[in-house]
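Trainee: Please take me closely through one part of this model, beginning with the bonding of its sulfur atoms. I would then like to follow the account to other parts.

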Amino acid sequence: MSNLKYALFTGCTARESTPELMSSTLAVAKKLGIELVLLDEATCCGASHLQDFDEFLSIVMNARNICYAEKHGLDMVTICNTCQLNTAEAKEKLDNDPELKARVNEKLAEVGLEYKGTSAVRHFQYALIEDYGLDAIAKKVETPLSNYNVAPFYGCHNIRPSHLHKDANMGENPYNPTSLDRLIEALEGKSIQYEDKNSCCGFHVELQAPKTANRLSGSALLGAKDADADMMVTPCPLCQIRMDVQQHNISKEVGRETHLPVLHLPQLIGLALGIDQKQLGLKHHVTEFKAK
Amino acid sequence: MKTQTITFNVFRFNAETDYLPYYKNYELEVGQDDLVLDILNRIKWEQDGTFSYRRSCRHGICGSCAIKVNDKPVLSCKVNVLELVEQFGTELTIDPQDKSRAIKDMVIDKKNFWEKYDAVKPYLIADVEEHPDKENIVSKDEAEQLLEADYCIQCGSCVYACSALGVNEDYLGPAAFAKAYRFNADVRDEAKIERLEIVDELGSGVWDCVKCNECAEACPKEVNPIEKITKLHNQLFAENVAAKNVASKHAVGFKHSMEKHGLLDEGELVRYSEGNLGVMKHIPEAITMFRKGKIVLPWNMPKSKNLDEVKKLIKSSSTVEEYKGSK
Ligand code: SF4
Ligand code: SF4
Ligand code: FES
């Protein structure tokens, strides 16, 4: 595996409420010999909310983030599904609408930047699977996850809308995604089948509609539990933080104890690669994960 | 002609006689041109005359034949069976759009769909002169502002795939919002504000969309309802209809944070959205998160590099005025 190198757009969550996502991502990349150049200039992607207030501003800010990946001459990887969606959406609009691109570039020129469209944008999950390869990952496994039943939770914004993501996510079927399942199996864990693996956790309405959010998360957590999962794993820190931190509220809403640890994807990979638990930041979880 | 043997697990239920629904298996030879509707027809014509489903136009235009195959919303008359086999394998599960609303097999009670649809006044509202002396012409550019929202065939695929609606029956849902946008974007219409007030309601309106994109994925006509939901949000701010509440402040709060830090100040976003009083209910979580090292204290708040550039860019690229709130 020679010299994989990407520009990492961390998003905000990895630098704030889920520091474990940052440390586990960097640790996994290091262990696999993947070089990640941090885009410290990047701003928030707007998290699918800024566009509700000011759509043009949201596109400009996402274009600016991509500019920094382009400056390094690298493809961008994201570690949050919502960052992925927002960045990819902005990119699609810019690459298909010359008039919009010109308007955005006029603004960017004021700060000495230009959006060219030369960097691809992918979630790290798919860069790992597509570029590094499942077989190569499997070869690096030091502590197989054979003791674990793992429930994959894909997160909406990596798989829908599929026409936007198809080049970035290897054409994943949004109604029957399999890449995470295959990754879990490559780590020698057992991937659990349950109905809500491609459902929504409700994160985006957590403040204004907690009932909606809790019912959605609850359905997923209970579905995974009933299918005998020991833990859930997700590539999205928003899904993770919702379902890790809010389990007391979720349990109350659905009338059943949901207790289930929820890991970030790089944490799960890190466990299998034999990376020290401290680097994986497992102590940051509210719903504790205990290694078997 | 080459055919393939496919197993169809078909949802069967008669609300008048059955206590519970059940699945019945049909093994059929499927050819490369067979559509889902052909399969439904063959089950009815060759196996069980009582099997019920809706269809009318067979041309993807009446919207009556929408069902789900392996949970994927499909217009039966438009979707090729072997394409589904490619996506899901040789066992296909055929369900009505919403099992809990089944009347007979694939036929569901779509009353909730129409009620939600009606709630947004899905028609042109304008004082029309009875005897106009000239035509009321809509230009090409003006028509394009509808963003093809008028392509909707009311099939309900989006509504019965909607995550928010699945757990919140008050939510008006993607088809109604796409329609509200369709008339709000129509230059002849005069009821924009009225409709915006309807979609601004917390609990039923656009703020309750969880942004799952199921509707965009489901729509056979590429209406892209969530795009229209975003446009309605934009109209709510542009027309100053958005009530000042936790949801609208949450959207605006992102801009405030980015102006200050580039990155999002997660804690401040919650405080700003909820207000100083409302934020109290989050204190138990905040304490837990703090203990787990999940809260960054204000003096450690990370900032984007080149913050001056970010500030300058936000200032020059903003297209919406600072939000004061209508109520
Ligand atoms: S994006 Fe919103 S409207 Fe569309 S399906 Fe999801 S919750 Fe429903
Ligand atoms: S928006 Fe699309 S999916 Fe929804 S009812 Fe209309 S045509 Fe059907
Ligand atoms: S029968 Fe009319 S849309 Fe399918």
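**Cysteines and their surroundings**

Mentor: The sulfur of A:Cys67 lies 16 Å from the closest cysteine sulfur, that of A:Cys45, which is too far for a bond. A disulfide is a covalent bond between the sulfur atoms of two cysteines, counted here when the two sulfur atoms are within 2.5 Å. The model is predicted, so local features need pLDDT of at least 70 and side-chain atom pairs count only at pLDDT 80 or more, while totals for chains, interfaces and linings use all residues. Residues are numbered from 1 along each chain as its sequence is written, chains are lettered from A and ligands numbered from 1 in the order in which they are written, and side-chain values use heavy atoms, leaving out hydrogens and water.

Over all chains, the structure holds zero disulfides. A:Cys45 is in none, and its nearest cysteine sulfur, in A:Cys83, is 4.1 Å away. A:Cys45 is buried, at 5% relative accessible area (buried means under 20%, exposed over 50%, partly exposed in between, with a 1.4 Å probe and protein chains only). A:Cys67 is buried as well, at 2%.

Of the 13 residues around ligand 1, B:Cys162, B:Cys209, B:Cys212, B:Asn213 and B:Cys215 come nearest, where a residue is near if one of its heavy atoms lies within 4 Å. Helix H8 (214–218) and helix H9 (225–238) of chain B are the elements that give two or more residues to this shell; helices (H or I, at least four residues) and strands (E, at least two) are DSSP runs numbered from the N terminus. The shell divides into ten nonpolar, one polar and two charged residues. Ala, Val, Leu, Ile, Met, Phe, Trp, Tyr, Cys and Pro count as nonpolar, Asp, Glu, Lys and Arg as charged, and the others, Gly among them, as polar.

Around ligand 2 stand, among others, B:Cys152, B:Cys155, B:Gly156, B:Ser157, B:Cys158 and B:Cys219. This second shell has nine nonpolar, three polar and no charged residues.

Which residues does B:Gln97 touch, leaving aside those up to four places away in sequence? They include B:Cys155, B:Gly156 and B:Ser157, together with B:Ala66 and B:Tyr160, contact meaning heavy atoms within 4.5 Å. B:Gln97 lies in the loop between strand E5 (91–95) and strand E6 (102–104) of chain B, and B:Gln97 is buried, at 6% relative accessible area. From B:Gln97 to B:Tyr181 there are 84 residues in sequence and 24 Å in space, C-alpha to C-alpha.
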